[in-house]
Amino acid sequence: MVAAVGRKITKEHRARQTPHGKQTVKQLMRHGVSTNSLELSGDTKSFDRVARKWNVDYAFYKTGPDKYLLFFKAGQADAMTACFSEYSKKVLNKSKSRRIPIRDQIKRAGDQLTHEKPKQRERVKEAVHENR
């Protein structure tokens with residue numbers, strides 16, 4: 001009975017010493033398993049958010065400005081593939097923003113008002129004042 005409790009305590013102690021999630025490359029190599037790497041360019045914070053959801057152990061190594069090598073455990077390759085595909089979808093959606101910035105909307109509205117006839121412009125002003 002005492003030996004079983006001792007084994008449980010040592011097991012928990014080892015589990016606490018092995019880091020999970022984001023870590024340094026040195027810590028990841030200490031896990032004693034083989035690792036793979038991918039090139040990653042761009043924002044690492046958005047990758048962190050997605051990786052936490054998939055519970056993968058990974059590390060970044062900076063190779064240049066906005067260029068990183070992403071190291072991960074070879075045994076977690078399937079989870080990393082799913083994680084990376086979700087991250088790439090997020091990055092693509094962010095770059096294809098469908099909304100027009102508010103400054104551009106105001107500029108377009110101002111351009112339309114300058115091109116309209118003066119009578120129509122007065123009607124628009126009256127309508128705006130009535131709505132307030």
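Helix H3, residues 44-54, lies across strands E1, E2 and E3 and runs at about 165° to E2. That makes a handy starting point for a walk through this predicted model.

**The chain as a whole**

Let us step back for a moment. The chain holds 6 helices and 3 strands, and read from the N terminus the elements follow the pattern α-α-β-α-β-β-α-α-α. Of its 132 residues, 20% are buried. Among contacts with a separation of 6 or more, 64% join residues 24 or more positions apart. The chain exposes about 10900 Å², and carbon and sulfur atoms supply 53% of that area.

The three strands form an open sheet in the order E1-E3-E2, with antiparallel pairing. E1 (35-41) and E2 stand at the edges with a single partner strand each, so one side of each has no neighbour in the sheet. From one strand to the next, the twist averages 25°.

The two pairings can be set side by side:

| Strand pair | Sense | Bridges |
|---|---|---|
| E1 and E3 | antiparallel | 7 bridges |
| E2 (residues 58-64) and E3 (residues 67-73) | antiparallel | 6 bridges |

Ser37 stands opposite Phe71 of E3, while Phe60 has Leu70 in E3 as its bridge partner. As a general point, side chains in a regular strand alternate between the two faces of the sheet.

E2 and E3 also form a hairpin, with 2 residues between the strands. In that turn, Asp66 has a positive phi of about 65°.

**H3 meets H4**

Helix H3 has a helical partner too. The axes of H3 and H4 come within 9 Å and cross at roughly 145°, and the crossing is right-handed. On the H3 side, the contact is made by Ser46, Phe47, Val50, Ala51, Lys53 and Trp54. H4 contributes Ala79, Met80, Ala82, Cys83, Phe84, Glu86, Tyr87, Lys90 and Lys94.

Beyond residues up to four places away in sequence, Met80 touches Phe47, Val56, Tyr58, Leu70 and Phe72. Phe47 is also one of the H3 residues in the helix contact, and Leu70 is the bridge partner of Phe60. Met80 and Ala51 are 29 residues apart in sequence, yet their C-alpha atoms are 7.9 Å apart in space.

Is His31 buried or exposed? With 19% relative accessibility, and a limit of under 20% for buried, His31 counts as buried.

The side chain of His31 makes a polar contact with the side chain of Lys73, at 3.0 Å. Lys73 falls within the residue range 67-73 of strand E3. Leaving aside residues up to four places away in sequence, His31 touches Thr18, Pro19, Gln23, Asp57 and Lys73.

**Drawing it together**

The picture, then, has an open sheet ordered E1-E3-E2 with H3 lying across its strands. H4 crosses H3 in the right-handed sense, and Met80 of H4 is among the residues making that contact.

Technical notes
Residues numbered from 1 in each chain as written. Predicted model: local features only at pLDDT ≥ 70, side-chain atom pairs only at ≥ 80, totals over all residues. Heavy atoms only, no water. Pairing = 2+ DSSP bridges. Helix = DSSP H or I, 4+ residues; strand = E, 2+ residues; numbered from the N terminus. Axes fitted to C-alpha atoms, helices over the stretch in contact; angles between N-to-C directions. Contact = heavy atoms within 4.5 Å. Buried < 20%, exposed > 50% of the residue type's maximum accessible area, 1.4 Å probe, protein only. Polar contact = N/O pair within 3.5 Å; in protein donor to acceptor, adjacent residues only side chain to side chain. Areas by Shrake-Rupley, 256 points an atom, 1.4 Å probe, with all protein chains shown as cover. Left-handed = near helix turned anticlockwise from the far one by under 90°.
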